Amino acid sequence: MDDMLKEFVVEALDLATNVEEHLLSLERNPGDMNTLNAVFRSFHTIKGGAGFMNLTAMVSACHLTENLFDALRTGQVAVTPEAIEAALEASGFVADQLTALNNGVAPDQLSTMPKSLEAMLTDAIESKGVSKKSAAAPAVVTKAAPAPLSAAAPAAQNQDGNIDWEAYYRAVTPPGTLPEVVTETYEAPQPANIREENEAVKSSLSNADIKQNAPAKEESIRIDAVKLNVLLEVAGESVQAANQAAVLLEKLGQFKFDGQAAPLMSALTETLTRASRYSTELQRATLATRMQPVGRLFQKFPRLVRELARDLGKEVDLNITGAETEVDRVVVDSLYDPLVHMLRNALDHGIETSQERLVTNKSPRATISLKAWQEASSVMIEVSDDGKGMDAQRLRDKAISKGLINSHDARTDDEAFQLVFLPGFSTKEVASSVSGRGVGMDVVKTAVERHRGAIRIASELGKGTTFLIRLPIELSIVPTMVVRTDGASLALPMATVQRVVELPETFESVGGQPVLRDLGRPLPVKSLGKILGYSPSSERVGIVIAAPNPYILSVDSVDGTADLVIKPLTCISTPGITGTARSAEGELVLVISLSFLIDGCKVRELMTS
């Protein structure tokens, strides 16, 4: 893909996504003129770029939709569900074409505009009472070669002296892109706001000779993601090197330097301190470039929920909050599939039909909430519904019948809810096009844990279900507590650490499990070394772990806290270990998985069917 086409695809994809959001908003507020004008402008802009790129199918779809919205905003056609549906189909077609281009499909290999889409748009346009030919006439191109704007200007003014934007478009579109001019046209009365806009354009064109030599001001530039990842890795390594240098400098400070060595040592200390400060600032600035609001992801879901609810015959509203919450770009990109699976699961399994809801004294229209917020060094994403909730006993029975667990497993409701993440698990007797094949939710858990996150479920029968995802705000640097067990250095994500306590030599016992009272509550004590397979040692320090079922993790000692540059494990998979890092002293540190800690450090060997 050449640079010009790539730039068009990136910008047009943003416009297409916003169009979908605007259309769904317009469905709720049909009289919103600002939204009508915004949609019109978006399709007009995409059409112009597509014309330059010789993307004829996209041009035709955009032109018909532009005609529709010109009629909608001038009041000649009412904003009906049929009009919105036609525009959504057009938006989807344009987005599919742009996605194909972005994935490397050659422009000449793109599909043509479906006849069904053309018919939908034409029917919507013709509701204003004009002939099919005039309403659905595609964009027109002259046989002349593309002309500069200044050369095209005389031909782009009508008899009243107003700007003819269609003529401009035809003048700069490559020859052969569009069909010939259709002479039969429909002249719609020009609203006052359009006339004012044209007058403003004419005024700005009259001053073109003054502004044409002014340098263009660019507020932002696009950077290849691979280059940005390399920069972030280098920044992280520079911080790591600066930390190691600080440790060495501290050790050197134990020696006495006399004579000429003393000022050299002082200068070295000052230089390394400054280098450490700059490397930290570089790291923070680099991380900021990768942060993106989750709203970029969330805005893709209203249409998905709308269409799936319609297919299932259910009435559902999707409420989105916290869209401005920022998180690492890699996390944003990786969350799409997990969130799609959770929303589909909520719609198919959780939400009842309107009739079923009325029987239980609920509003016939259900609600799904999608929320995001920042909590310490983590971003929290919650998907909740006000549906029928989960039946813990039914989940246990189904898992046992499928041979996924033994009869003594999943004794608590919380453990039973986690069964939905098992591969092959489903409560549906008959698979549908939406769910029931036992895949999906296991993909969710795998995707979340791949990025050092964790997911939990809370549910109340008859009230609804909540999925809560916890992810690091950024992936490369993780705040940790470094501990030791059997001489090994291990790092625990600070997101789960509540406090450090001193352990006694003897413990109370409940059901054979050592227990220690912390702030008045009895918490089980678990040995980190024993769980991970280290040799038994004297563990006298406890870490209180924040989890749905809190507990104390016993270790030999605590070395302190550190922001570590995490390297994921790629060649091997070790239960409980998510990656490795280097301490400030250069020692290898194993990083404990966040989900492993939240799950209570359980290493399960599940049965297979």
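**Entry 1: a charge and a ring**

Over the ring of which residue does the charged end of Lys300 sit? I looked it up: the ring belongs to Tyr336, and the charged end of Lys300 is 5.5 Å from its centre. To sit over a ring, NZ of Lys or CZ of Arg must be within 6 Å of the ring centre and within 35 degrees of the ring normal. I also found the charged end of Arg277 over the ring of Tyr278, 5.2 Å from its centre.

A note on what I am reading: this is a predicted model, where local features need pLDDT of at least 70 and side-chain atom pairs count only at pLDDT 80 or more, while totals for chains, interfaces and linings use all residues. Residues are numbered from 1 along each chain as its sequence is written, and side-chain values use heavy atoms, with hydrogens and water left out.

**Entry 2: the aromatic pair**

The rings of Phe301 and Tyr336 have centres 5.7 Å apart and planes at 10°, so the pair is stacked. For the angle, stacked is under 30 degrees, edge-to-face is over 60, and the rest count as tilted. Phe301 lies in helix H14 (residues 301-312) and Tyr336 in helix H16 (residues 336-350), 35 residues apart, and the pair links distant parts of the chain. Helices here are DSSP runs of H or I with at least four residues, strands are E runs of at least two, and both are numbered from the N terminus.

I then checked how covered the two residues are. Phe301 counts as buried because its relative accessibility is 0%, whereas Tyr336, at 31%, counts as partly exposed. Buried means under 20% relative accessible area, exposed over 50%, and partly exposed in between (1.4 Å probe, protein chains only).

**Entry 3: helix H5**

Which residues of H5 are buried? They are Leu117, Leu121, Thr122, Ala124 and Ile125. They cover an arc of only 160° around the axis (taken from the directions from the axis to the C-beta atoms), so they are on the same side of H5. On the other side of H5, I noted Lys115, Ser116 and Asp123 as exposed.

**Entry 4: helix H2**

H2 (residues 33-52) has 20 residues and reaches 29 Å from first to last C-alpha, close to the 28 Å expected. The expected span is 1.5 Å times one less than the number of residues. I found H2 mostly covered, with 14 of its 20 residues buried. Asp32 caps the N-terminal end of H2, with a side-chain oxygen 3.1 Å from the backbone nitrogen of Asn34. After H2 comes Asn54, whose phi is positive, near 65°.

**Entry 5: the open sheet**

I traced an open sheet of 6 strands in the order S16-S8-S9-S19-S18-S17, with mixed pairing. Two strands pair if DSSP finds at least two bridges between them. Its edge strands, S16 (557-565) and S17 (567-568), each pair on one side only. S17 pairs with S18 (residues 577-582) in the antiparallel sense over 2 bridges, and Lys567 stands opposite Thr580 in S18. I also looked at Leu492, which lies in S9 (residues 488-493) and is buried, with a relative accessible area of 0%.

Definitions and conventions. Rings of Phe, Tyr and Trp (its six-membered ring) pair if their centres lie within 6.5 Å; planes under 30 degrees apart count as stacked, over 60 as edge-to-face and the rest as tilted. A polar contact is a pair of N or O atoms within 3.5 Å; within protein, one must be able to donate a hydrogen and the other to accept it, and residues adjacent in sequence count only if both atoms are side-chain atoms.
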